[in-house]
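I opened the model to look up its fold, its nonpolar cores and its salt bridges. My notes follow in the order in which I checked things.

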Amino acid sequence: MLPRFGIEVVAAVGDAPALLAAVRDHRPDLVITDVRMPPEHTDEGLRAAVALRAEDPRLAVVALSQYVQHSYAADLLASGSGRFIGYLLKDRIGDVAEFAGQLHRVAAGATVVDPEVVRQLMQRRRDPLRQLSPREREVLSLVAQGHSNAAVARTLSLTEAGVAKHIGNVLAKLDLPVSDDTNRRVLAVLTYLRARSD
């Protein structure tokens, strides 16, 4: 599809390490990446884009996603003074010619961001806990007070498996990145405490 609109494809890759290598080898004018890439299918493509922009802030990058990946979206959009960047939601791309035009604009230095991405990032900035259910807020509140899963289960008359499920939902909704270097439960508590202090 892209060559029909004057865009030459110099490489097509299947995972984030290959994306990093291809960009370093080919030095393209524009990178189009999916947010989710193998091997984990979480946010590898977006993390690779952030890393590439740290190396070269003028590298034009368009990230495509099914949803707004909060943990790195803001980092990507802030990189390189916010120029040469695009973040588009796949299910909202309906017109191929319009999409190609957006790619050309990003390659020329523009910023193209789906309005839904902006809305969600601004909403999250105001109150990251808003998307949690009342029960999930209760669970997170007790976790923030230092309670174990067993203690939370006793307090709320839940099973420990139920508490673990609620905590999993909280981590997913707060969009906390999976990393060997961080403890997602602690990050969730910090997010809760920051939101409560605002």
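**Entry 1: overall layout.** I read the elements off from the N terminus, and they run α-β-α-β-α-β-α-β-α-α-α-α-α. That comes to nine helices and four strands. I note here that this is a predicted model. I then took the extent of the C-alpha trace, which is about 65 × 30 × 30 Å along the principal axes. The chain has 198 residues, and 42% of them count as buried.

**Entry 2: contacts, surface and charge.** I looked up contacts between residues at least 6 apart in sequence, and 62% of these join residues at least 24 apart. The chain exposes about 10800 Å², of which carbon and sulfur atoms supply 52%. For charge I found 25 positive and 24 negative side chains, with the centres of the two sets 7 Å apart.

**Entry 3: nonpolar cores.** Which residues touch the most other members of the largest nonpolar core? I found L19, L76 and Y87, in a core of 24 residues. The elements that give two or more residues to this core are α1 (16–26), α2 (44–55), β2 (60–65), α3 (70–78), β3 (85–89) and α5 (115–126). With five residues, α2 gives the most. I also found another core lying apart from this one; it has 19 residues, including L132, L140, A153 and V163. As a general remark, nonpolar side chains in soluble globular proteins tend to be buried together.

**Entry 4: V68.** I located V68 in the loop between β2 and α3. Is V68 buried or exposed? V68 counts as buried because its relative accessibility is 4%, and the cut-off for buried is under 20%. Leaving out residues up to four places away in sequence, I listed what V68 touches: Y87, L89, E116, V117, Q120, L121 and D175. I also checked V68 against A16, which is 52 residues away along the chain; their C-alpha atoms are separated by 18 Å.

**Entry 5: helix α6.** I went through α6 (residues 134–144) for burial and noted E136, V139, L140, S141, L142 and V143 as buried. L140 is also among the members of the 19-residue core. After α6 comes G146, and I read a positive phi for G146, near 95°.

**Entry 6: salt bridges.** How many salt bridges does a search of the whole structure find? The search gives seven, and I looked at some of them.

- D34 and K90 meet through their side chains at 2.5 Å, N to O. D34 is in strand β1 (residues 30–34) and K90 in the loop between β3 and α4 (96–107), so I logged the pair as a link between distant parts of the chain, 56 residues apart. D34 is partly exposed at 28% relative accessible area, and K90 is partly exposed at 30%.
- D43 pairs with R47, and the closest N and O atoms are 2.7 Å apart. D43 counts as buried at 4% relative accessibility, whereas R47 is partly exposed at 30%.
- E136 pairs with K173, with 2.9 Å between the closest N and O atoms. E136 lies in α6 and K173 in helix α8 (residues 160–173), so this bridge ties together parts 37 residues apart in sequence. E136 is buried, at 4% relative accessible area, and K173 is partly exposed, at 31%.

Methods:
Residues numbered from 1 in each chain as written. Predicted model: local features only at pLDDT ≥ 70, side-chain atom pairs only at ≥ 80, totals over all residues. Heavy atoms only, no water. Buried < 20%, exposed > 50% of the residue type's maximum accessible area, 1.4 Å probe, protein only. Contact = heavy atoms within 4.5 Å. Areas by Shrake-Rupley, 256 points an atom, 1.4 Å probe, with all protein chains shown as cover. Lys, Arg positive; Asp, Glu negative; His and termini not counted. Charge placed at Lys NZ, Arg CZ, Asp CG, Glu CD. Core = buried A, V, L, I, M, F, W, Y, C linked by side-chain atoms within 4.5 Å. Salt bridge = Lys/Arg side-chain N within 4 Å of Asp/Glu carboxyl O.
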